[in-house]
Amino acid sequence: MEALWDDFATAQNTCNGYLLATTISPEAPATDPARLYNFNRGTNAYSLQTDLRYKLQYNPSLHLEKKEAAAWHEVFTAFYAFTGKLLAAEEAQTASRPREADWSSVYDSWKEVLSAVYRGYSGNVFEAWTIPCLYVVGKYLRIFAIKADEQAAASQRDSGLAFGELQEEDAFGAASKNEKLEDAARQINRIFALCLGDRSPLEDSRKWALYYTANLLFKTYFRLNSIPLSKNILRSLRASASDTPELSAYPRAHQVTFKYYSGVIAFLEEDYASAEELLTFAYESCERRATRNLELVLMYLIPTKMLTAHRLPTRQLLQTSPTLDRLFSPLCTAIKRADLRAFNAALEAGEDEFVKRRIYLTLERGRDILLRNLFRKVFIAGEVEDAKVDGGGVGAVAKRTRIPVREIAAALRMAGATEIDDGEGGVDTDEVECLVANAIYKDSNLQKLTICCEQNHMKGYIARDRGIVVLSKTGAFPGTGV
Amino acid sequence: MQMSPSYTAVAARQTLHRPDAPPAPEPARTQKVSWTPGVRGYVQRAFDADSAMIGVDLAEMQQRLKANLIKTEREALALSNAQNAHIANLNASTSYLSSGAKIPERSIKRKNEDLETTDAEEDAITPPWKKHNTNKGSMEDRMTGKSKKQDKKQKKNDAFRANGLGTNAAVLEKRKQRFGYVSPEPSSHPSSRNDSPERTGPLVGTCQIVEKSYFRLTAPPAPDTVRPLPVLEKALNLIRNKWKNEHNYNYVCDQLKSMRQDLTVQHIQNELTVKVYESHARIALEMKDLGEYNQCQTQLRALYKMSIPGRSEEFTAYRILYTVYTCNRTDMNNLLADLTLGDKQKPAVQHALQVRSALASGNYHKFFRLYLDAPFMGAYLLDMVVERERIAAMASICKAYKPDVTLRFIAQELAFFGDVDAPEPDAGLPQCLEFLCQHGGEPFVERKEDGDIRFHTGKAIAVFEGQRAAAFRSVDIKGQI
């Protein structure tokens with residue numbers, strides 16, 4: 001118990017916010033692993049008030065103002081109740097009686113801690129240097145909420161089908177299985193508003209907690225599958241941009257996470273240009289040792305680059321992470337080889353996971369690049385035969401620029417394009433032309449791209465009456481060197 | 001004494017005592033007590049030399065034992081009394097159940113159960129186990145959260161009984177007669193519950209009129225304005241026929257909305273509910289009333305999730321097509337995530353998925369083939385997409401084909417067939433021409449000497465490119481009329 005108060009006094013006297021936050025953290029520091037236990041057993045419900053008063057108000061090494069001491073008094077009162085619940089839950093967990101661990105009441109008691117801390121700030125009693133306390137209360141509120149919801153879901157499953165059906169009664173009232181987490185989102189949002197609305201000068205402003213809290217909210221909203229709510233956060237950040245410090249002035253951890261989430265949001269909105277910029281920043285500034293974070297960033301950066309720059313990840317990059325390798329390697333190989341059959345198979349095999357990660361609809365467009373590669377192969381294969389046509393400058397390889405549609409059809413069939421069959425063993429040339437037309441026309445869904453250098457995959461035109469595709473003499477396949 | 005098997009275990013405990021209590025079934029017994037072997041063993045062990053405790057002499061031990069035995073006996077007696085009463089009650093309640101079980105509605109049954117409970121309470125003794133005699137009964141109580149109150153009261157009764165004031169039924173009975181048959185709860189409890197204005201449970205309607213127009217509720221409805229299940233079934237058939245014969249959407253929509261309301265206030269969620277919502281969704285779709293259509297789809301999704309049978313294949317397909325229309329990628333992703341392997345194998349869902357994938361890759365050729373081949377009422381949804389996709393396809397065609405293409409080719413590619421049921425090669429040409437002219441393509445149409453109509457694609461790029469951007473920008477998400 002003493003170590004806690006020593007830390008508290010040191011933190012208060014040196015204005016060390018992070019140290020201060022450890023005193024109300026549900027995780028005991030490594031130096032003092034039994035801290036919560038000692039705190040909980042060091043006093044009891046009857047002498048708690050006296051003990052706290054003694055520690056906070058009459059402590060000779062502390063010089064807290066009366067209001068401040070009272071606010072901390074509230075915080076530690078709530079914290080005391082919380083430690084009781086947490087220790088009981090953890091004990092049940094370690095004694096392999098996980099069902100008896102009452103995470104829901106752990107959540108509720110931690111929410112009380114959050115409220116006490118919140119009141120400290122809303123009453124302008126706590127100074128801005130203490131904001132790591134806000135990080136701690138927000139962070140663990142989310143964690144306990146998830147645990148409580150998981151437990152509620154598990155106990156519902158245990159209690160059998162009949163009961164589950166009764167629960168479904170509320171399907172109309174949208175009773176959710178994430179009750180606590182939704183509540184947590186509301187609480188964290190309160191903190192966000194608390195920081196956003198601070199009017200003190202920047203040196204002493206809660207605005208420095210803005211991005212951490214925003215990230216926490218993103219995390220929660222993503223888990224709740226209510227991503228559109230994240231846009232509200234972005235909007236309010238943008239609206240108050242003029243009197244908020246630059247993002248670059250924040251700790252790098254806050255920056256990277258924030259860029260990652262806003263990058264993913266842009267990605268989901270099909271704003272691939274911004275997504276590329278934001279995710280690239282996140283990738284480059286991310287701590288190299290944080291392999292999981294890098295993997296998360298790449299999960300969205302790879303499909304983005306595929307669309308914006310038609311660039312596929314290198315083998316080395318994919319091999320840095322088994323997950324990325326498993327997810328993307330088959331697709332990338334198929335695209336490089338222009339193997340439509342393999343591409344479809346890979347897309348189907350990974351569909352569930354791609355959908356879960358929300359990249360399916362983007363990866364699907366890799367097919368356009370694949371077809372471009374296929375047409376390019378047809379073009380290159382034909383170049384020798386037609387060498388005589390070219391008048392030829394020095395070093396210029398003669399290329400046959402007129403390709404019969406039936407040759408392209410044959411190539412498509414070899415690649416495994418089943419959809420071009422007309423159902424009677426022949427080829428539906430109209431469909432082949434349609435695929436070619438799409439390659440010539442810029443990718444129909446890339447209309448939002450602004451920075452994309454080359455929007456069309458192929459230059460040329462279809463002369464339908466003659467049944468040929470006429471390709472541009474120079475740079476028929478932009479960006480591929482042909 | 002007839003016992004149901006679930007109580008045999010408890011009955012065994014009755015052998016623990018055949019006490020000296022005066023009004024016991026065999027009143028001839030005097031102070032002579034016949035202890036069971038278990039009890040005898042217990043006493044013997046207590047006096048055994050091995051278990052002798054220091055500081056506890058024989059006299060004290062005797063005293064303690066006596067006290068213990070008397071206490072146990074009392075408790076056992078109280079138990080058995082309550083049990084006898086309970087068994088009597090059980091007979092009553094089972095006879096009720098056999099008559100009440102005919103009514104299939106959960107809510108109706110619940111109501112009857114209420115009435116029954118009050119009867120039992122007038123008999124004064126309602127043991128706490130009563131509620132558990134059938135699974136259904138206890139579940140309903142859990143659902144309404146009502147039994148807590150009763151349980152509490154019963155507990156009070158038990159405590160009262162166990163207090164020793166009336167350790168046996170006969171004494172209680174005497175007391176009761178002295179007071180002129182007063183129930184232990186002197187409050188006007190049954191009536192207060194019936195009259196209670198804030199009843200939270202579902203109500204059961206009594207209205208027998210089949211047609212009823214929709215009125216938005218602002219207060220709990222009176223039962224006589226709500227149609228019960230059988231009447232609603234009749235109503236659905238009536239409305240369906242009226243729709244077939246008269247095709248008056250305002251009337252039908254109004255009627256269906258009132259049916260939906262009646263179902264909601266009575267908490268009816270069964271196949272009829274699904275049918276009502278499905279019918280309304282289809283009719284709304286036909287009339288392009290997307291607001292109602294969406295409301296129905298939301299409910300249907302919840303109902304299918306409760307695995308109430310219905311046409312989930314059809315409506316899943318609609319949902320995909322609708323999301324294609326709104327171009328909402330988040331929704332689409334969620335929708336794909338929700339699809340099960342079984343869903344994906346259903347033909348209509350497959351068709352919808354193919355439509356999605358064709359449009360995602362800009363394959364207009366395939367899309368328009370699928371458009372002509374839509375199962376169920378998918379064509380109504382695709383109608384909303386088709387104009388916009390035609391413009392998009394024109395933009396592609398204009399960019400890719402040079403110098404010109406025949407009008408027939410465009411008509412074919414964009415699925416202008418005149419009459420879909422009897423396709424003729426040139427029947428769609430006027431339609432196609434009209435479409436092109438509407439979108440500013442008129443200057444690029446040329447009739448050749450041989451009668452062939454050609455379209456100068458190369459020159460029309462700019463026109464269709466502009467139209468395309470505009471067409472995709474204006475998607476009204478809510479789709480309200």
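Student: How much area do chain B and chain A bury between them, and what part of it is on carbon and sulfur atoms?

Tutor: A word on conventions comes before the answer: this is a predicted model, in which local features need pLDDT of at least 70 and side-chain atom pairs count only at pLDDT 80 or more, while totals for chains, interfaces and linings use all residues. Residues are numbered from 1 along each chain as its sequence is written, chains are lettered from A and ligands numbered from 1 in the order in which they are written, and side-chain values use heavy atoms, with hydrogens and water left out. Buried area is the accessible area (1.4 Å probe) that two parts lose on being put together, summed over both. Here chain B and chain A bury about 3,900 Å² between them, with 50% of it on carbon and sulfur atoms. Of the area that chain B buries against chain A, B:R329, B:N333 and B:Y401 supply 17%, more than any other three residues.

Student: How many residues of each chain are in contact, and how many salt bridges and polar contact pairs does the rule find across the interface?

Tutor: Contact means heavy atoms within 4.5 Å, and by that criterion 42 residues of chain B are in contact with 42 residues of chain A. A salt bridge requires a side-chain nitrogen of Lys or Arg within 4 Å of a carboxyl oxygen of Asp or Glu; the rule finds five across this interface, and A:D465 forms a salt bridge with B:R454, their closest N and O atoms being 2.6 Å apart. A polar contact is a pair of N or O atoms within 3.5 Å, where, within protein, one must be able to donate a hydrogen and the other to accept it, and residues adjacent in sequence count only if both atoms are side-chain atoms; 15 residue pairs across the interface, both at pLDDT 80 or more, meet this rule. The largest share of the side of chain B that touches chain A, seven residues, comes from helix 14 of chain B, helices (H or I, at least four residues) and strands (E, at least two) being DSSP runs numbered from the N terminus.

Student: How do strand 2 and strand 3 of chain A pair, and what lies between them?

Tutor: Two strands pair if DSSP finds at least two bridges between them. Strand 2 (residues 460-463) and strand 3 (residues 468-471) of chain A pair in the antiparallel sense over four bridges, and A:Y461 has A:V470 in strand 3 as its bridge partner. The two strands form a hairpin with four residues between them, and A:G467 in the turn has a positive phi of about 70 degrees.

Student: Is A:I462 buried or exposed, and which residues of chain B is A:I462 in contact with?

Tutor: Buried means under 20% relative accessible area, exposed over 50%, and partly exposed in between (1.4 Å probe, protein chains only). A:I462, in strand 2 of chain A, counts as buried because its relative accessibility is 0%. Leaving aside neighbours within four places in sequence, A:I462 is in contact with residues including B:A400, B:Y401 and B:K402 of chain B, and A:I440 of chain A.

Student: Where is B:E314 found, and what polar contact does the side chain of B:E314 make?

Tutor: B:E314 is found in helix 13 (residues 312-326) of chain B and is buried, with a relative accessible area of 3%. The side chain of B:E314 makes a polar contact with the side chain of B:Y318 (2.7 Å).
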